[in-house]
Amino acid sequence: EPNANGTPDEMMRLVSWFTDFIPMAASSETKSVLFNWADRNPKIINGMMDGIFDNVLQLMAAHPEIFYMGMHFYGPDEITSHLESYVKRCEYLKIKPPRVIGTEFGLDSTGGTERGYKSRPNYKDIYAQWQETVVKGSLAQHIKSGVLAGLCVFQDGNSGGFDDLDIENDT
């Protein structure tokens, strides 16, 4: 989960790491989910994903059977701006967007004091319904287009410090 708000040197170090890693992984056909961006990351500039990652996107796109983009999708507010900025950046580069895996999908803090679905009134009872609504609503076009290839529900069993996200003891 890289720090998308790092210094220019940190961002270049991240880009360099991926530009070194991708050819090695491709040569051994090692399937990989790259970046694992936190919600609302990386930076959006002029409606597109930060251009500092262009070379990485192009390398990923050259091996669509091997590389996936990892992103988090958290609500309850909007959850697609970073996915849409990614698609626009790929369109700008004239490449097919590497498929995205939602490595974390659910409810978390989006600037408020709440964390996880259990900290919100009534969400424990309607959490799965909220997820279904998002999948059939704001994420549907990305699923149908083939850009969004999968979603992993963020959950944590046995607390681990994430009590508000723990579905283990739900009934």
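A residue counts as buried when its relative accessible area is under 20%. The structure described here is a predicted model.

**Aromatic pairs**

By this cut-off F35, at 5% relative accessibility, is buried. F18 is likewise buried, with a relative accessibility of 5%. Across the whole structure, a search finds 8 aromatic pairs. One of them joins F18 and F35 in a tilted arrangement. Because F18 belongs to helix 1 and F35 to strand 1, this pair ties together parts that are 17 residues apart in sequence.

A further pair, stacked in its geometry, is formed by F105 and W130. Here F105 lies in strand 5 (residues 100–107) and W130 in helix 4 (residues 123–136), so parts that are 25 residues apart in sequence are tied together. Both F105 and W130 are buried. The geometry of these two pairs is set out below.

| Pair | Arrangement | Centre to centre | Between the planes |
|---|---|---|---|
| F18 and F35 | tilted | 4.1 Å | 35° |
| F105 and W130 | stacked | 5.8 Å | 25° |

F18 and F35 also belong to one aromatic cluster, together with W17, F21, W37 and F53.

**Helix 2**

Helix 2 spans residues 54–61, and its buried residues are D54, V56, L57 and M60. Viewed down the helix axis, the buried residues of helix 2 fall within an arc of 160°, and therefore they line one face of the helix.

Note on methods:
Residues numbered from 1 in each chain as written. Predicted model: local features only at pLDDT ≥ 70, side-chain atom pairs only at ≥ 80, totals over all residues. Heavy atoms only, no water. Buried < 20%, exposed > 50% of the residue type's maximum accessible area, 1.4 Å probe, protein only. Helix = DSSP H or I, 4+ residues; strand = E, 2+ residues; numbered from the N terminus. Arc of directions from axis to C-beta. Phe/Tyr/Trp six-rings, centres within 6.5 Å; stacked < 30°, edge-to-face > 60°.
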